[in-house]
Amino acid sequence: MTQATRHRFFIEGARDLLPMIPGVLPFGLVTGASSASLGFSPEMTLGATLLFFAGSAQLAAYQLIQDNTVPVVILFTTLMINIRFLIYSAAFAPLFHSIKKRHKWPLAYLLSDQAYGLCVARFAANDQSRKKLFYYSGAALMMWVSWVCFVMVGMLVGEKIPSTWSLEFAIPLSFLAMLVSVVRDQATLAAALCSGGVATVFSYLPYNMGFMAAIVGGVAMGYVFSGRFIRKKTGVEGERNE
């Protein structure tokens with residue numbers, strides 16, 4: 001691959017992430033404002049943002065800290081919220097396998113919902129080309145820079161934003177937009193519907209246990225439907241060959 005091609009795919013990744021910035025902006029502002037309301041210093045906020053680089057987990061941790069929850073529950077909750085990154089990492093493992101460790105770890109750190117969703121929407125799951133790697137790098141780096149900047153802005157000006165703006169409402173909308181783009185077949189649709197239903201039914205559970213139940217339910221439903229979908233597709237192709 002030529003240097004020009006690498007540069008082009010890197011730029012395309014960064015460019016394709018730009019439409020997601022409006023969804024990231026309120027998320028970062030709310031996270032920064034929550035940090036300031038807890039009395040965190042700018043250094044602590046920046047450190048937590050760099051350490052987490054996962055807005056939903058960072059917000060959940062802030063909420064639990066505010067509720068005086070014991071540290072082990074905070075740690076367990078954030079780990080469960082981020083458990084989806086195990087799936088993302090498994091999907092990207094073949095892509096990162098051949099690159100050097102000094103490049104692999106930073107790219108793994110930059111993994112986000114948005115960068116993963118863009119790669120899934122543009123490239124096939126078995127595509128392990130350098131084009132995909134540079135596209136991912138551009139999208140992931142753009143997401144990281146945007147997130148850190150928005151959190152710091154939220155910490156500085158978040159308390160001045162009127163509560164009537166309801167910035168929190170934009171957070172689920174940004175994830176909903178990403179979800180729609182990755183629902184491609186019956187299995188992903190069934191997993192999404194099941195996960196949403198379970199999350200709604202068990203939303204009353206403490207410590208975000210409803211969220212964890214939704215992950216388990218969505219993965220189980222996706223696994224069952226993907227098996228049926230593959231068997232059905234294989235059966236149809238077998239009948240055609242006969």
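Student: Is F92 buried or exposed?

Tutor: The model is predicted, with local features taken at pLDDT of at least 70, side-chain atom pairs at pLDDT 80 or more, and totals for chains, interfaces and linings from all residues. Residues are numbered from 1 along each chain as its sequence is written, and side-chain values use heavy atoms, without hydrogens and water. Buried means under 20% relative accessible area, exposed over 50%, and partly exposed in between (1.4 Å probe, protein chains only). The relative accessible area of F92 is 2%, so F92 is buried.

Student: What is the geometry of the pair formed by the rings of F92 and Y136?

Tutor: Rings of Phe, Tyr and Trp (its six-membered ring) pair if their centres lie within 6.5 Å; planes under 30 degrees apart count as stacked, over 60 as edge-to-face and the rest as tilted. Here the centres are 5.2 Å apart and the planes stand at 80 degrees, so the pair of F92 and Y136 is edge-to-face.

Student: How many residues apart are F92 and Y136?

Tutor: Helices (H or I, at least four residues) and strands (E, at least two) are DSSP runs, numbered from the N terminus. F92 belongs to helix α6 (residues 84–96) and Y136 to helix α9 (residues 130–157), so the pair links distant parts of the chain. The separation is 44 residues.

Student: Which residues do ring pairs link into a cluster?

Tutor: The whole structure holds eight aromatic pairs. Ring pairs join F92 and Y136 with others in a cluster. Its members are F85, Y88, F92, Y116 and Y136.

Student: Which residues of helix α5 are buried, and what do they line?

Tutor: Helix α5 spans residues 71–81, and its buried residues are V73, I74, T77, T78 and I81. Seen down the axis, they fall within an arc of 130 degrees (the arc of the directions from the helix axis to the C-beta atoms), so they line one face of the helix.

Student: Which residues are exposed on the other side of α5?

Tutor: The buried residues of α5 include V73 and I74. On the other side, the exposed residues are P71, V72, L75 and L79.
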